[in-house]
Amino acid sequence: MTRITPQDPQVLLEMIQSRLFPFPKRHFNAAQDLDPPDIVALLDLADVFVELNRRTNKKLDLLKGRTQVNLFFENSTRTMSSFELAGKRLGADTVNMNPRTSSVAKGETLIDTAVTLNAMKPDLLVVRHSASGAAQLLGQKVGCSVVNAGDGQHQHPTQALLDMLSIRRAFGHVDSLTVAICGDVAHSRVARSNVILLNAMGANVRLVGPPTLIPGDADEWGVEVYHDMRAGITGANVVMMLRLQLERMDGAFIPSTREYFRYFGLDREKLAVAAPDVRVMHPGPMNRGVEIDSEVADDLSISLIQDQVEMGVAARMAVLASLAARLETDR
């Protein structure tokens, strides 16, 4: 895929404006909110934002006058920072709200919070919550656009979008690639969103993990399911490791982390059966020595993990800018 490397800032701005389009819906709650043409359009826009973010002057005024509120009921340094940078680089007035020090900690309900926020007239509300469906509920109660930054075990659509951006920039395309998503799929909202977007773009998706960590309805997801790590990643172009989410587990899903790494942790030996051009991904944070070996994670010749962090800002800029364009058309 041809890289975008304009030297003239005005040319870069014109490229952004030519690729800007109104988001297909007022909110971005789930990966299925996007059809393939929407996915491609967002990736094309994000590609230009990648180049912007690599310049000394990263600021635009596309969202000048807009207010973006980041409301994170769960800790997430990586995702919150990414959304905050995305909003600020687009020129939005960005506010981070910490529910642990707000009225929520005193017993205020999610509906009360929505009513309060709505009275402040924000334009964009980025929400992360431990309950599945929280972002969708807020979207029904506020007049602004809501972005789901992760809700329970439901979805994390912007993570899937940035993952696809990393894959497309590494290979030049997504269709026909074999992507193995490995590990704790049962508790992963990232896996669910990735499966939807990857299937939509024509990738061959595999889920790999012990039976206790693969959802019972996975055979209905349009994927291949493997319970043997080596078999699951054989010939794979992309191996995406997932964090073992012990905090979400109610019961014994694995015998021990040491045993888990022995059979399902990614190391050089297991990775040898993947495709010669394999790339390794992880949405973070990583449990080194549990689901991935440090030698693999830190090998920049195969690892896209640092790239995913960079792509996160660009992908979220594309989402925020497109949602703001939608707000303009809805006036």
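Arg189 is placed in helix α7, which covers residues 189–200, in a model that is predicted. With a relative accessibility of 9%, Arg189 counts as buried, because buried means under 20% relative accessible area. The side chain of Arg189 is joined to that of Glu74 by a polar contact of 2.9 Å. An unreviewed UniProt entry places the feature "binding site" at Lys106, Arg189 and Arg243; of these residues, Arg189 and Arg243 are included in the lining of the largest pocket.

On the surface, Ile111, Val115 and Leu137 form a nonpolar patch, and their accessible area together is about 210 Å². Leu137 belongs to helix α5, made up of residues 134–141, and is partly exposed at a relative accessible area of 30%.

The backbone also deserves attention. Most residues other than glycine have a negative phi, and most peptide bonds are trans. Lys121, although not a glycine, has a positive phi of about 60°, and Ser176, also not a glycine, has a positive phi of about 75°. Their surroundings are set out below.

A cis peptide bond, with omega of about -10°, joins Gly284 and Pro285, and Pro285 is located in the loop between β9 (279–281) and α11 (294–297).

Definitions and conventions: Residues numbered from 1 in each chain as written. Predicted model: local features only at pLDDT ≥ 70, side-chain atom pairs only at ≥ 80, totals over all residues. Heavy atoms only, no water. Patch = residues over 30% accessible without salt bridge, like charges linked within 9 Å, V, L, I, M, F, W, Y side chains within 5 Å. Areas by Shrake-Rupley, 256 points an atom, 1.4 Å probe, with all protein chains shown as cover. Salt bridge = Lys/Arg side-chain N within 4 Å of Asp/Glu carboxyl O. Helix = DSSP H or I, 4+ residues; strand = E, 2+ residues; numbered from the N terminus. Buried < 20%, exposed > 50% of the residue type's maximum accessible area, 1.4 Å probe, protein only. UniProt positions renumbered as here; feature names shortened; annotations may be inferred. 1 Å grid on protein atoms, 1.4 Å probe; cavity = no way out; pocket = protein on both sides within 12 Å on 5 of 7 lines; lining within 4 Å. Polar contact = N/O pair within 3.5 Å; in protein donor to acceptor, adjacent residues only side chain to side chain.
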